[in-house]
Amino acid sequence: MKPRTIADKIWEKHVVHREKGKPDLLYVDLHLIHEVTTPQAFGGLRMNRRKVRRPDLTFATVDHDVPTSENRETKDPISKVQISTLEKNCKDFGIRMADIYSPMQGIVHVIGPQLGLTQPGKTIVCGDSHTSTHGAFGALAFGIGTSEVEHVLATQTIWQKKPKTMEIKVNGRLGFGVGAKDLILAIIAKYGIAVGTGCIAEYTGEAVHSLSMEERMTVCNMSIEAGARAGLISPDQTTIDYVKDRPFAPKGAAFEKAAREWLSLATDKGAVYDKTIEIDANEIKPQVTWGTNPSMGASIEDTVPDPDSFATEEKRESAAKALAYMDLKSGTPIRDIPIDVVFIGSCTNSRISDLRQAAQVVRGHHVANGVRALVVPGSQQIRKQAETEGLDTIFTDAGFEWRQPGCSMCLAMNDDIVPAGKRCASTSNRNFEGRQGAGSRTHLVSPAMAAAAAISGHFADVRDLVETK
Amino acid sequence: MQPFNTFEGLVCPIDRINVDTDQIIPKQFLKRVERQGFGQFLFYNWRFDQDGKKNPDFILNQPKYKGASILVARDNFGCGSSREHAPWALQDYGFKVIIAPSFADIFYNNCQKNGVLTVILDPRKVDRLIRASQEKSLKLTVSLENQVITGGFEEHFDIDPYKKKMLIQGLDEIAVTMSYEDEIAAFEKQRA
């Protein structure tokens, strides 16, 4: 048989209907839903008197709007309606939901894997572009719009034209103090935010397979920032070990059987991709973005670039606009940029290993004067685990706020907002204008680099702050 | 969904690459549970200053683009968040056609599901359209049936035949898919 990529294998297993001149009708194994992109979808179902076809394959939580304050009280009346609307919809349509008081509550892309709902080989959709996160398990996972959410609720299927495949080959190994976030930011800085448009990206190479599952999730999470429809990694023993014993994972003999099938999904030797791009992991340094899209990035050793150094007129204009918005001058060393806010959280970087890395940098230090620093764990389970390990105390002793789980300051739909004109070192995924609040300025970094910035008051090279083990 | 056929309208250019959906509609306006009424928030942070006053420099606030219904922009329009509120806002504001050299995948799909036509044209042609619409008031006619734009310009465009059919007929895709119920049920049975 012709060697195939994992994307091809998963795709073929899920085709319900194929007809010339039409996209394929694909079956959806897992539909994750949240409060912001579903009310209109349920509204459509009600209007047309339609049911949810497979509530058992649907799972809901609240994350985008919810407050991260200790009492979890939603002050905004419009958010309140949105949250209670999801609760009512889940109740009426028989869908399982981790509500705000549930020990399972958290960011949708954090709890799916944690609960074992996310499994290799599944097709997974959610009305959120960072659904690509689940690709870390070798699942085909992609974000959809609200009309498609309604379609999946009603039919458990989705019409999709098969995307092209793109290999992102990562050679070598990441160096000391350089993490998964630096890797994905470096890929996007090198190849741009549209390199993956129309593609399913597969990350391959030694550096990728030596990453933990949590690190793989960070990489796949930002596939959408490279423009890709989905991003995935072929399952290996690391994948199997992570899924084993999770609450929704198969058990006993069923697990053993599933694990064998999952491993067989890995891309065959000699399989051909439509396109391959490469990066050398050894050369990657800790990254900091300076502009208003995720490709506008540099290393901590660099200076803010000169717009004139870009190749095309469009890019020169775009860089000049970005520097004006960010209030940065070209030639300024990245490490001299002062910061006002530090946000450690989001579906990119709020998992236990992210918090451990940040805590390692913070331990024994204090947040710099005038800096507001927040840690927002990705889920209740992570928060609890961190508290068991004493990470919360390390953070609070250092002057960080220790908050309740949610999307929080990544998109600032709740009260966690970066004020206009203020500059934030953020472990999230988007540095678009106004993303963290109207007029806010975002620099994307790894959790360790965010921690280093918090205690320094400006960007700092984490490799200088943490001793080599 | 309203069927799309031939459409005539005034062109408004957004002379930028990588316009993301956070710009098209900022997050503070995603809290509503209705599908309608998002037009007032379109490009909010560009249209209005921090006191909520209209920014006279932003192109949609300029009198000559009042009533524009065809938006022309540069590469990778609609990148970022999957929020369908972006096409809802564009449509509610009055835009029916968006022309660009390339679109982000999810945004492109979301437009189609709402009867907003996204037209991909060669970057040089888009550049000509942007410049022409900056210089003078430009009205274009877009025929989806013939896949052609006319009005001082005559440009053919390509579109996926399935997408074209869905737009022209304005079909309810869920109803169409439900006609495959037997196949969906068979698929589930075979996997169980």
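Biologist: Does A:Asn221 count as buried or exposed?

Modeller: Buried means under 20% relative accessible area, exposed over 50% and partly exposed in between, computed with a 1.4 Å probe on protein chains only. Because its relative accessibility is 0%, A:Asn221 counts as buried.

Biologist: What kind of model is this?

Modeller: Residues are numbered from 1 along each chain as its sequence is written, chains are lettered from A and ligands numbered from 1 in the order in which they are written, and side-chain values use heavy atoms, with hydrogens and water left out. Local features need pLDDT of at least 70 and side-chain atom pairs count only at pLDDT 80 or more, while totals for chains, interfaces and linings use all residues, this being a predicted model.

Biologist: With which side chain does the side chain of A:Asn221 make a polar contact?

Modeller: A:Asn221 is found in helix α8 of chain A, residues 213–221, where helices are DSSP runs of H or I with at least four residues and strands are runs of E with at least two, numbered from the N terminus. Leaving aside residues up to four places away in sequence, A:Asn221 touches A:His130, A:Ser132, A:Thr133, A:Cys347, A:Thr348 and A:Asn429, contact meaning heavy atoms within 4.5 Å. A polar contact is a pair of N or O atoms within 3.5 Å; within protein, one must be able to donate a hydrogen and the other to accept it, and residues adjacent in sequence count only if both atoms are side-chain atoms. At 2.7 Å, the partner of the A:Asn221 side chain is that of A:Thr348.

Biologist: How many salt bridges does the rule find across the interface of chain A and chain B?

Modeller: The rule asks for a side-chain nitrogen of Lys or Arg within 4 Å of a carboxyl oxygen of Asp or Glu. Across the interface of chain A and chain B, the number of salt bridges is 10.

Biologist: Which element gives the largest share of the side of chain A that touches chain B?

Modeller: The contact takes 68 residues from chain A and 52 residues from chain B, and 28 residue pairs, both members at pLDDT 80 or more, are in polar contact between the two chains. Elements giving two or more residues to this side of chain A include α3 (77–93), α5 (146–155) and α11 (313–326). The largest share, seven residues, comes from α5(A).
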